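Colleague: I would like to learn how to read a model of this kind feature by feature. Could you take me through the general idea each time, and then the case at hand?

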Amino acid sequence: MDSSSGFTRVVVCDTDTGAVLRQGYAAHPVEPKAADVDPQAWLLSLGEAAAGGLLEGVQAIGVCAQAHGLVALDQQGAAVRPAMVGNDKRAQVAAADLVEALGGRQAWADAVGCVPQAAQPVAKLRWLARTEPEAARRVAAVLQPQDWLVWQLLGRPARRTTDRGGASGTGYWSAATGAYRPDLVELALGYRVALPEVLGPAEPAGVTPEGLLISAGTGETMAAALGLGLGPGDAVVSLGASGSVMAVHHEATADPQGLVSAFADAVGTHLPVVSTSNAVRALRGTAEMLGVEGLEELSALALKSTPGASGLVLLPYLEGERTPPLPHTAGTLSGLRRESMKPEHLARAAFEGMLCALADAMDVLRRRGVAVRRVFLLGAAAELPAVQAIAPAVFGAQVVVPQPADYTALGAARQAAWALGVAHGTLAPQAPPPWRGAAAQVFEPGDELAVGQAVRQQYGATRDQLHPGAFGG
């Protein structure tokens, strides 16, 4: 079960192979951009998505949900206020306050492997204490959405649980030490509260009164990695309006600048993540500037140009940028000459700029010892021919474009099958079930590798000239 920000999706899978047998879907009965949500809405949506006998014959359930949401509970287990959703930005000032209160970005990187962001529960707790002190004083325990749903499915037992993947996104659990930092909860909220027990990857949260095993659950990012079947050497580049690069690594990887979020995964290893503020929004902006109808037409136009876009370089920092840390800058179009001032060159520069910026984010991980040999591209823009033509050479790695599927829900189901197999003695707790990998197109850099390096050198020279020292050197 995947309880995303706007919907619940359910996939019923064959325990041995992972083949999808049945599917269900229901929208959440909430406003699309609501920052506060009654968590009961998630339960209503879940019930609707699983209606009509969808769960007949099901033996185990895994739950993933939107990242970074916060459900604050009182002593009786009731929500003290509506849940704060993951993409809520109200806690930006609170996050900055927390950074200063602990002694700076390095102190947070050392403590929990990431620097507080507005989305994280630790920042939400600080916001709650400052903005709604009466509600804050009633908080006795805190959960994330997937933890709350697991707890509800189990009948609200005294024991509340989470997994290491979900815990690593809170801002008060360290992936490096595998332990909570309750002092950081106290720093944020003013006092300590009950935190859910962190389960091992294949450890069940419990069994429902009907006899259904419920696995530990996890966040959407970790579930997607499990659904895709990622392993060491694999990275995922997500192409949304903003972008992110995450990779599988054997140890927690932090960064004093706060560029790396040291998340744990749902398998027992680590998922360092580097985010960018801009990705597909640079393509959409370029399409509007050129009067082009849609990204498919922009892609076709870009492929009429040549690598390097006749010297045009687009730094796609349209919303400021997080990687490198340039929050107040703007995008830049450089290299204008009479011969380069053609629509196809600008279109090409937009694709190269977006992918070079994501390659910069990938290099943040590589400089910290993270191997990247294969890159999974996710998002609708991954299907664009220009992205598929340019990405392998720019990333310097094999590029895999998986067929569209509900990888988050599949990952939650795979976790459930794993916990069930361990409980029955048919699977080992060290490795999830070997389900079939995602069907995908594969693209190799081949002879274009040197061309990709030249494009990156042109991009890097422009970036360093306009923003010297942006990456600390």
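**Reading the model, feature by feature**

Modeller: UniProt, in an unreviewed entry, lists residues 6–217 as "domain: Carbohydrate kinase FGGY N-terminal", and it places "domain: Carbohydrate kinase FGGY C-terminal", also from an unreviewed entry, at residues 235–420. UniProt positions are given in the numbering used here, with feature names shortened, and such annotations may be inferred rather than shown by experiment. Residues are numbered from 1 along each chain as its sequence is written. This is a predicted model, in which local features need pLDDT of at least 70 and side-chain atom pairs count only at pLDDT 80 or more, while totals for chains, interfaces and linings use all residues, and side-chain values use heavy atoms, with hydrogens and water left out.

Colleague: What are the helix and strand contents of residues 6–217, and what are they for residues 235–420?

Modeller: Helices (H or I, at least four residues) and strands (E, at least two) are DSSP runs, numbered from the N terminus. Residues 6–217 are 31% helix and 20% strand, with end C-alpha atoms 19 Å apart; residues 235–420 are 37% helix and 20% strand, and their end C-alpha atoms lie 28 Å apart. The chain has 15 helices and 25 strands.

Colleague: How should I read the radius of gyration of the chain?

Modeller: The radius of gyration is taken over C-alpha atoms, and the globule rule is 2.2 Å times the number of residues to the power 0.38. For 473 residues a compact globule would have a value near 23 Å, and the chain, with 22 Å, agrees with this. Along the principal axes, the C-alpha atoms fill a box of roughly 70 × 50 × 40 Å. If contact means heavy atoms within 4.5 Å, then residues 24 or more positions apart account for 72% of the contacts in the chain with a separation of 6 or more.

Colleague: Why is helix α13 described as largely enclosed?

Modeller: Buried means under 20% relative accessible area, exposed over 50%, and partly exposed in between (1.4 Å probe, protein chains only). By that rule 56% of the 473 residues of the chain count as buried. In helix α13 (residues 385–395), 9 of the 11 residues are buried, so the helix is largely enclosed by the rest of the structure; among them are V387, I390, V394 and F395. The helix is followed by G396, whose phi is positive, near 65°.

Colleague: Which residues does V372 touch?

Modeller: V372 is found in the loop between α12 and β23 (374–378) and is buried, at 10% relative accessible area. Not counting residues up to four places away in sequence, V372 touches G233, A235, M362, R366 and A397. The C-alpha atoms of V372 and F395 are separated by 9.1 Å, although the two residues are 23 apart along the chain.

Colleague: How many salt bridges are counted, and which parts does the pair of R9 and D406 link?

Modeller: A salt bridge is a side-chain nitrogen of Lys or Arg within 4 Å of a carboxyl oxygen of Asp or Glu, and by this rule the count comes to 18. R9 pairs with D406, the closest N and O atoms being 3.0 Å apart. This pair links distant parts of the chain, with R9 in strand β2 (residues 7–13) and D406 in the loop between β24 (398–402) and α14, 397 residues apart. D255 and R368 meet in another salt bridge (2.4 Å, N to O). Because D255 lies in the loop between β18 (243–247) and β19 (260–264), and R368 in the loop between α12 and β23, the pair ties together parts 113 residues apart in sequence. D255 is buried at 2% relative accessibility, whereas R368 is partly exposed at 29%. A network of salt bridges links D360, D363, R366, R456, R463 and D464.
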